[in-house]
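Open the model in your viewer and keep the sequence panel at hand. The stops below can be selected one after another.

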Amino acid sequence: MRAAALACCLLASLAAVALGAAVPAWSDSVQHEYDQLVAEAGRERWQRQHGAQPGEAELRLATLSAALLTRLKEQPHNWETVQRRLQLQRNAATMNLGKVELDGMLSVDGELRQQKVYDALREYLTAQGAMATALGMESASQLWWAPFTTGSGEARSELQTLWSRTAPLVSGLLEHLRSLPAPAGGSVTDLVYACAARDDCAELVKLALPYPDVANVVSDLLREKELSTEQLARLSEQFLGLLGLPAAPARFWANSEFRAAAADCSSYVDADRMRLCADTNAQGLRSALSLMTSAEYLRTAAAGQPAPFHTAPFPGFERAVSECVSLLALQPSVVQQLLYGYRSDEASSKARLAVVSLYLARGGRSAGQADARCHGDIGCQQAANAVMEAAVTQLLPISYHAASLRWLEALEAAPATDADATWRTEMSSALGAPAAAATPSQLDKHFYDAGRHIARVLAGVAGFQLHAAACPEGTAQCLPDGAEAAGALISRVMAAGSSLPWDRLLQETTGRAPSAEPLITFFQPLRRLTGEQPRLLRTLELEDDQTPGGFAPAAPVVPVRRQAPTAATACGNVPVDQKTPEEKALCLWNDEFDVFRQNETDAEWEFGLDLNATENLDNLVKYQKAFLQRRNEARSSLGDNPDKWINDSSSTDEAKLWGELFILSEKDLGAANDDTLEQLLQSTAGLLKAYVGVSVCPFDKQSCDDAEKLTIWDLQTVMAAGSMEEEEAQYYWRQYRAAAKTDLHSTFSDYIARGRDAASQAGLQHYGQFWLEPYGYGSTNETLLEELADTWADLDELYRSLHTVVRHQLNQAGLSSATGKQPLPSHLLGDMFAADWRNIYNDTKPFDNYTVDITDKLEEQSYDIVKIQTDAAEYLKKLGLVDDLMNTECFGDSNWVECEKGQDCDALAWTSGVDDCIKIRVTPEITMDNYERVHAKSAELAYYLQYRSLDPEYRTAANPAFTEAVAGAVSLSVLSPSNLESKSLLPVPMAQVDGLYDIDFLYRRALQHLAPLPFNYVTNKWLWELFGNSLDRWEHRWWELREDIQGVRPSESRSADDLDMLAVPDLARDRPAFQRYMSTVLQFQLFEKACVDAGQFEIDKAEEKPLYRCSLDSSAAAGLKDLMAAGNTQRWKALLKQYTVNGTLSSISMVRYFAPLHTHLQRVIESNNLETTWESDLVDYWDEEVDNTVPIVVGVVLGVLVLIVVIAYFVSRVRRNKEE
């Protein structure tokens, strides 16, 4: 039967070739038919399992290919003709059913005796020879080598040279492997053959590792993240993105399959799909990288080359590129970057970052006992394991395939040769010992495929040559500094397709002919495993000395690519031709939103990294303007009658559509004309740039260079450290305000003028009303101010009590002479703006023998910023708000940076507004405040992820204050005693957490949350007067309001020439101060409701279960999660009715939270007979001499008028006298 099948196959092949004369030469129609058959055959190969017969399309393609071969004789002899011929030969070979039948026979274990296997192989080689003859070739060997044609035509000699250079390295490896103890129930030889022939290397690697207890770091990192098979593929694509390669199209992911590794699962890839069978370990990631790289290779070649060159230079050359990519990617530091993120060591204009050694920081590895090779150096140990694993998995297969090829060539040349003896001789020579297996088929189902053997050897060696060219300074130094160059080299190789012979392609891209030297150089550390200088193993990875909790070498940020967003489709149910113009406008805007929004948010992130870069500022203005104008264009399509906006009245989407249109109708800056908008955006960006640039000389070096000056973040850090003398505090207070006035005055004045123009052009009364639109206040501001006034009225008594006690404590500590009814000196409140008073906690806390500050605990437990971030992610997962924050898209591009000049270092939770791409920016101080800050910013990101999938106009918080309010509600629970105890961060034993501790805790909370409220209230009130053109005396009114409402005075005399309000961050950031005020009030309301719902707080039993002791869990946070997921689909006041106890904006929740503190403060006030009011003493700090301009002018004018009257009187008398 088998012989008959082979004969039929051969006859069919010859007939197909004979029919070639009837087939037309290449034309568009022939090309189209050929391409269709190629696609169909690809789908059949995707569907069929190992050993199955070729499908109908494959056989038809084989027939057409064989026939078309004869036509190529009429074509000019050039490289295109050669490539076309090779493609047709590959297709025509499908008709050789002898190979397919052999597959089927060998799949039945135990049923074939040794001789039958070799008999079948000889018949197969005979059929191959017949096919070669039919195609005009001399032998089957020539058929095998044809696809590997080189520029010189000497592919076989190239391989022989490469192998001869590699063989000694393999021999040394095999000698080392044979010296290892045999595994239980097996032999080292069996493991060597399994690895070499089947790529089944796991057991051999495990046995060969010089440090088996220091396991594969990459595998551990992947398992720690519990990545699925698809996530391995996504991670691979992310790495390809680091190299600058494009993302796979959506259809690729839709068509692909992802499974765990199994015997019945066979990986497959083409340009349009892949089947990945892999486990979550380093080998699984290697497989994913290989398939993703191969798919990209096929797409890139097809995009840049004519049809004949759409493949690699030879079948399997993709493996060389894949191996190069794997060598780049499978470094612990690189995988660590992809999974976790970065930390700053050297924040510069290039934003160089150092990798966070999360793996070590978590205690996953320790150096252990010293050893002869690495002397306990964990970096050396990991590198030793890495080089051994690479050697086993790469060198042994190369040796096996070279030996298998020699054997097949010997058997094809002399069929009577003893096949078994020859095979064992070749294997013994290549792998150091004869195989115990009875036949080659038991080791390798494809042992007969000579082309596969050739490709594995050539591609294996070429992969290291490409890697050496991509990383000329070595692997450890390659990424991410060299990512762009490495990616460019890989892209050139891919784009060439098969337009060049493979040897010429290597010559042109790597600068050298095919060579085994890069492979030998790469594995040079193998020779040192037992030598005297094992530390040189560090050439592969982890070059600096590294200890648990340490950091890896510095490396610059490489942008993380993400998938292009998908368009929104929320357009109702009625047909397009029946939609209203408003519905059509909404649909179009929803489709275009993502592109405009992504450009804008990306530009905002880059601007924050380097505000001095002109390109960053220009891009920010460009993309902000584009977004606002396109949104305004959509808004302009809406009529004035909301009742006629939608026609989809029968649709369940009716309310949703109307809501989106209503939000779209709100005015923003896009309503201004083009010139005004451009100038305003330039002003807002310029204002922030100027604010970030404000700096002063240190107190101890008051004449200094610009590089020595301190920015606002430097100053805040100095203040946070405490122990600042009054003279120094006053110096910084004075100098910073003087610098802010110099740097900001002109830009701020322009900002105010342009804002007035924009408001006028939009039909609004003043600029501040743009800020009101998202809150639903329309074109009036009285309602907002009334609501803020109501909330402040409820807090005023509590604040005055706090103010009084702080004044008393500062006086008792000898830090202030403010007594009686005097306002507080603003330079002594621990904050440049006298807003947040946390930095005076240690100097004013109620009880000296208590502290609630966990900073010391953080340091004791060796916290770094990564561990803080990890705690935050785990806490959010515990609350059920986000599963794995640190594994979300783009999070690895976050910025944990030491603040540098030219960078915006305010903490930021950045979201793309489009997809799951999120980042965090926070400075890496290890303090209690930063611990809470990271949790809060992480909660803001969780909020976004909850509403991320909503339609564009709903894809935001219920109002801008809700973002910080929800995050604040979460952070109020972070420092609860029970949560801190779970992290071993509670500063006192739980048994000592009593009423005194609670008062100390609440006191610090009040300095943090209550003290800033009047400052924000004053700022908003001052701004509103400025916007409304009712403010003439800027400086005087500023301090008048601050003394009246906040009880704070200037540090020294002021005059109309001063402009202290310009130093306020909200003004410089074009951000309404009422937003921060409102978010603070709201966070306590949301927290209170969550605690009530969880049964952790009852208003009537506040003493038994105080609100501040509440610690959120998943049940308590369920309501918050629902609120987050609602995004902007409901009006914020409606949400307050559902998610707050009071049902409206109210500060009563804050009053209840701080009730025990208020009682304590009142006791202190009564016992010390303290005044709870303050009287303005601005007159004592106001320089009237400078500000006498107006009275003097008025006096002069009045004097002139009097003089005129007197003169007129005398003139009149003279005239009357003359008349008489």
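The expected span of a helix is 1.5 Å times one less than its number of residues. Keep that rule for the first stop, and note that this is a predicted model.

Select residues 483-496, helix α22. With 14 residues at 1.5 Å a residue, α22 should span 20 Å, and its end C-alpha atoms are 20 Å apart, so the two values agree. Now colour the buried positions of α22: Ala-483, Ala-486, Gly-487, Leu-489, Ile-490, Val-493, Met-494 and Ala-496. Step just past the end of α22 to Gly-497, where phi is positive, at about 55 degrees.

Next, go to helix α26, residues 614-636, and pick Asn-632 within it. Is Asn-632 buried or exposed? Its relative accessibility is 17%, and the cut-off for buried is under 20%, so Asn-632 counts as buried. Leaving aside residues up to four places away in sequence, Asn-632 touches Gly-670 and Ala-671.

Select β10 (895-896), β11 (908-911) and β12 (residues 918-922). These 3 strands make an open sheet with mixed pairing, in the order β10-β12-β11. Because β10 and β11 each have a single partner strand, they stand at the edges, and one side of each has no neighbour in the sheet. β10 and β12 run parallel and are joined by 2 bridges. In this pair, Asn-895 is opposite Arg-921 of β12.

Key
Residues numbered from 1 in each chain as written. Predicted model: local features only at pLDDT ≥ 70, side-chain atom pairs only at ≥ 80, totals over all residues. Heavy atoms only, no water. Pairing = 2+ DSSP bridges. Helix = DSSP H or I, 4+ residues; strand = E, 2+ residues; numbered from the N terminus. Buried < 20%, exposed > 50% of the residue type's maximum accessible area, 1.4 Å probe, protein only. Contact = heavy atoms within 4.5 Å.
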